[in-house]
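Try each task before you read its solution.

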Amino acid sequence: MSSRCSNGLRKVQLAAWLLGAMLMHRSGAAIVRHVCIEQVNPTRRTDIRIVWAAVMFNRGLDRLRISGRLDPLIELFKRAAGAQSSALHLQPAIYRQSAVPTSIDGDRLIQSDAVTRNAGNKHSRIPPALYTDKQAVAGAVAYYQNCAMCHGPLLDGQAGGYPGSALRGPDFADPSYDFRIKDIFNLVVTLMPAATPGSLQPDVYVTIMAFILKQNGYPAGTEDLTYEALAKSSVPLRFYGK
Amino acid sequence: MRYKRNVVEIARDLLGVCLLVAVAQIPVLSYAAAAPYPVVTNKRLVNAQRDDGWLMYRRNYESTGYAPFEGINIGNVSQLKIAFDHPSNLSQGHEAAPLVNGRYMFVTTPMNHLIAMDATNGKVLWQYDFPLEKKALQTVCCDVVNRGAALYGGLVYMGTLGNHVVALDARTGKVKWDTTLAPPGVGYFISGAPLVVNGKVVIGDGGGEYGARGFIVAMNAMTGRVEWKTYTTAAPGTPGGDTWPRGAYKTGGGNPWITGTYDDKTNTLYWGVGNPAPWLSIMRPGKNLYTDSVVALNADTGEVKWYYQWTPTDSWDYDGANETVMTDLAYHGKVYHALVHADRNGWFFALDRTNGKLIYAEPFVHVTSITAMKDGIPRPNPEMQPTIDKQVFTCPSFIGGKNWWPISVDPQTHMAYIPTLHACMDIKGAAPVAYKAGLYFVNAHFELKHDPTTDDWGSVQALDLDSGNQVWQYKTHLPWSSGTLATAGGLIFSGSSDGHFMAFDAKTGKVLWISEQLRSGIIGVPTTYVVDGKQYVAIWAGWGGAVPMWGGQVASDPAVKTIPRGGHLYVFAL
């Protein structure tokens, strides 16, 4: 991870909180999209927050662009930069979004343990602890790098404006499907990421699965989740969140 | 109404010049909202080719995508400008063909919104957002797209991702009926435009990647009552029922998800049928009828008259649902009433539509999976059959030499115009997994790769209908995923993936006009219409669909990744 990348991220983190700053850090935005999200060291919680800030920044940017409000906003900066056309207008919308959530809450996804503890009264059994917190943290970054472009940073898929299906919630884990963890895991390792199926390292798939389990309300435990265990796990996949 | 218009005109005078632009649209709007809605009769649909509007997905029952308008032509197309535009505020792929009846335009968007607007200025008359079941979205493989509406009487029809067909009052958007064809989220979805034939709304489902069993349904256009339903995988005891291993037809895919074609002379529907599931043919030995085929159906009963299978023993997802186009052609001196079709498998087929026999087939891209025709039947190359232990590199890719992007057929040039993807793939079987409703039923690893014979992903090409030989080709580094529109003005319209709507000389392929860069890449279907003697051309911009999701090296190409998103309808005029 280069220091330049890191700087870009910090600029964008700032911009996510201060909308005005967005206009001044066009290059920072470009770095985030093209480099940083793919190069973040997936072990530190602070890194996830930065990635999250970048993702939310991009969502906001896309929302402005899709609604046609971006061009007028950046007109002055375009002229100052001598650009013929709006560079931002042409930015990739890798983290595209038409409806942003009501608040930018980086902790909502990565600290969902509190939610899972309340799930017991909705289901007869408390979900088993299948993975470690460290795996879920690594999985969060891997998810943003490899999955969020289709399934959305909130894992809400098409309902959130993305082309892929939701990976979280009562519809994804609808009991009528009777999905087992192995069903989803074997599908993911065979067909995902859709553009380059099977291209991730086995342990990366494991951490992404840990992250998905966490988002569906499964608590972290003390034992590492393994590829072999996932591939044959008959544990029902249900949604234990709110 | 007269009173209303007078008031508006007085108001305009009072408000003065500074508000002229805004106010000038009000009288037009009040006129359009009050304009009588021209009833879409069976006769008008049969004669849709001569209509000033654009009454169905491919303009006419022959599915030619050819309009007889000359207002915009080779001589003046360079003057084409944006007449009006309309953002959808949706970020997914926009694939729909705008329909026009009189002054009313009907467009659909991703997530099943339907918008009625004034076809001359884009003023929204009403918008209907179908209340999609969230669960429906769990089994939509290739973006939440919709390809357009259909018209009949005073109603407008749309199929939904949750397998409803809804009929709305064309003037108000009020729901007249809502028929559910399958439960949501179990594999089925509807993305194609309906086709209205003899007072019936005909539509097919999607879902082959989930093992959903394909069907075509005809509903009473006034009531929504199902009049017939034909499954497109053959059950035991019916013709073709012995072409499946025991029970496999139930989860065998074969989804007719693209709008069909209708021959009113013989009352025959021609409908393409999708790929078998799971992908590897060794898992389901046999011809697996009617997957990867075109079926000719009696439009009154849905009975199969004949079929032709484009890809026997398909292991490559060469879904055969691509549209067929009716045209007459001469081959080796003999004239045929033909059906032409550019297949995912990379071959351009001409069939005798009276009996389903092959007239000729020619590859239009680099092909290695199917390398020959013998006795009128495509012959897959056994070397290119992947198995669980064997990976092959073969062409074209699973997305196909052409995907759903419709071709057009121009009777003046006697050519077919094909949006083309030049790509190959690595493909290998995966460990067999039992069918489970709601899950992918594919059992294969695959990755789209560059075609080693070209550096370009996309092209628009013109083929001579009498031979299938290429006449011209316009190549682009980016993939080309927009349908084509041919007009009597000597023009071919289509849109590039980086957001330029373009006009080509139909005879030579010379680029005659390129629009300014629109807000997003184009995967839409262009249509054209005339109101008050003025010709318009309409297209959705709005990158998305299957290519950026499943497209392997093309999806990973930086030039493709940087294509901006966001739906935006553009209508051009002189």
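**Exercise 1: A sheet in chain B**

In E21(B), Phe349(B) is the bridge partner of His341(B). This comes from a predicted model.

Task: Find how many bridges join strand E20 and strand E21 of chain B, and in which sense the two strands pair.

Solution: Start with E20, residues 334-342 of chain B, and E21, residues 347-352 of chain B. They pair in the antiparallel sense, over 5 bridges. Now widen the view: 4 strands of chain B form an open sheet in the order E19-E20-E21-E22, with antiparallel pairing. Strand E19 (325-331) and strand E22 (357-363) of chain B each have a single partner strand, so they stand at the edges with one side lacking a neighbour in the sheet. On average, neighbouring strands of this sheet are turned by 35° against each other, direction ignored.

**Exercise 2: Helix H10 of chain A**

Task: Which residues of helix H10 of chain A are buried, and what do they pack against?

Solution: Look along residues 181-191 of chain A. The buried ones are Ile181(A), Asp183(A), Ile184(A), Phe185(A), Val188(A), Val189(A) and Leu191(A). These buried residues of H10(A) pack against helix H11 (202-215) and helix H12 (227-231) of chain A.

**Exercise 3: Where the chains meet**

Task: Work out how many residues each chain brings to the contact between chain A and chain B.

Solution: Chain A brings 36 residues and chain B brings 36 residues. On the chain A side, helix H4 (45-66) and H10 each supply at least two residues. H10(A) gives the most, with 5 residues. Sorted by class, the chain A side has 16 nonpolar, 14 polar and 6 charged residues.

Definitions and conventions
Residues are numbered from 1 along each chain as its sequence is written. Chains are lettered from A and ligands numbered from 1 in the order in which they are written. This is a predicted model: local features need pLDDT of at least 70, side-chain atom pairs count only at pLDDT 80 or more; totals for chains, interfaces and linings use all residues. A residue is buried if 20 or more other C-beta atoms lie within 10 Å of its own, exposed if 12 or fewer, and partly exposed in between; C-beta atoms are placed from the backbone. Two residues are in contact if their C-beta atoms, placed from the backbone, lie within 7 Å. Ala, Val, Leu, Ile, Met, Phe, Trp, Tyr, Cys and Pro count as nonpolar, Asp, Glu, Lys and Arg as charged, and the others, Gly among them, as polar. Two strands pair if DSSP finds at least two bridges between them. Axes are lines fitted to C-alpha atoms, for helices over the stretch in contact, and angles run from 0 to 180 degrees between N-to-C directions.
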